[in-house]
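I opened this entry to record what I looked up, residue by residue and then for the whole chain. The structure goes first, my notes after it.

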Amino acid sequence: MRALFCVLLATTAVGGGAAAYSQARNSVWDSSQLPELRGTVKQYTLTPRGDVDGVILTDGTEVKLPPHLTAETVFAIHPGDDVSIRGLHARALPLVDAASITNIATGKSVVDNGPPDRRGGNDDQVISGKIAAQLHGKRGEVNGVLLDDGTTLHFPPPAAERLQDQLRQGQTVSARGDVLDTALGKTVDVRAIGASPEQMTELRGPRPPGPKDGPDRRGPPPPPRG
């Protein structure tokens with residue numbers, strides 16, 4: 001019972017971490033005032049989807065980070081790196097709910113400032129630029145474009161087929177959609193696209209995967225004869 005109580009107490013301490021220092025993750029508060037732990041990264045920990053949700057140190061300490069920081073974490077922190085971690089330490093487990101993790105050698109830091117601002121509905125952002133190249137899926141279908149500033153626009157292939165004249169290299173394009181800005185670049189899940197912000201075509205969602213006569217388009221198989 002005592003061991004179970006210690007585990008529950010540690011879980012409560014870490015689980016309540018967000019409430020305890022949620023304000024410490026924005027620009028007003030300084031995460032450097034939180035307890036520091038130093039160590040060497042042994043490996044990443046992964047979610048079922050393959051996102052990075054933390055690291056394990058060579059001494060066995062588990063450091064938790066939110067999966068939305070996957071790109072920043074992989075960019076700044078690698079196995080074998082010596083790191084400085086600021087966050088809440090569990091009472092009875094080698095576990096840290098990190099507010100920041102810093103690569104000591106390079107000075108690169110990953111800071112949890114809360115979940116990304118995923119805009120939706122009427123709050124979508126508008127991005128404009130010149131098309132540098134078309135992007136393709138595995139079958140060669142156009143499923144996006146790369147702008148000259150490095151921004152990636154993603155949209156369903158049927159939309160590319162309808163708007164192919166507007167998606168040629170060198171043309172200026174405007175797109176409205178969900179913008180995600182990461183350490184590795186900016187990407188837009190496009191909901192509307194056109195030659196200018198005033199002239200946009202709303203995009204329909206992609207059809208179900210598979211060919212027109214694929215299993216997702218057919219009815220149930222006929223019963224066996226006899």
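I looked up Thr-61 and found it in the loop between strand S2 (52-57) and strand S3 (62-64). I take helices (H or I, at least four residues) and strands (E, at least two) as DSSP runs, numbered from the N terminus. The model is predicted, so local features need pLDDT of at least 70 and side-chain atom pairs count only at pLDDT 80 or more, while totals for chains, interfaces and linings use all residues. Residues are numbered from 1 along each chain as its sequence is written, and side-chain values use heavy atoms, with hydrogens and water left out.

Is Thr-61 buried or exposed? Thr-61 is buried because its relative accessible area is 8%; buried means under 20%, exposed over 50% and partly exposed in between (1.4 Å probe, protein chains only). The side chains of Thr-61 and Asp-59 are joined by a polar contact of 2.9 Å. A polar contact is a pair of N or O atoms within 3.5 Å; within protein, one must be able to donate a hydrogen and the other to accept it, and residues adjacent in sequence count only if both atoms are side-chain atoms. Beyond four places in sequence, Thr-61 is in contact (heavy atoms within 4.5 Å) with Leu-37, Val-55, Ile-56, Pro-94, Leu-95 and Val-96. From Thr-61 to Gly-39, 22 residues apart along the chain, I read a C-alpha separation of 8.7 Å.

Next I checked Thr-106, in the loop between strand S5 (95-103) and strand S6 (109-111). Thr-106 counts as partly exposed because its relative accessibility is 49%. A polar atom of the Thr-106 side chain lies 3.3 Å from the backbone nitrogen of Lys-108. Lys-108 in turn lies over the face of Phe-75, 4.6 Å from the ring centre; the rule asks for NZ of Lys or CZ of Arg within 6 Å of the ring centre and within 35 degrees of the ring normal. Thr-106 and Ile-77 are 29 residues apart in sequence, with their C-alpha atoms 9.4 Å apart.

Two serines came next. Ser-84 sits in strand S4 (residues 82-89) and counts as buried because its relative accessibility is 10%. Its side chain makes a polar contact of 2.5 Å with the side chain of Glu-36. Ser-174 is in strand S10 and is buried because its relative accessibility is 2%. The side chain of Ser-174 makes a polar contact with that of Ser-128 at 2.7 Å.

Which residues touch the most other members of the largest nonpolar core? Of its 18 residues, they are Leu-153, Phe-155, Leu-167, Val-190 and Ile-193. Strand S7 (125-136), strand S8 (142-147), helix H4 (157-162), strand S10 (172-182) and strand S11 (185-196) each supply at least two residues of this core. A second, separate core of 15 residues includes Leu-57, Leu-65, Ile-77 and Val-110. A nonpolar core here is a set of buried Ala, Val, Leu, Ile, Met, Phe, Trp, Tyr and Cys residues joined through side-chain atoms within 4.5 Å.

Last, I noted the totals. The protein has four helices and twelve strands, and 33% of its 226 residues are buried. Of the contacts with a separation of 6 or more, 49% join residues 24 or more positions apart.
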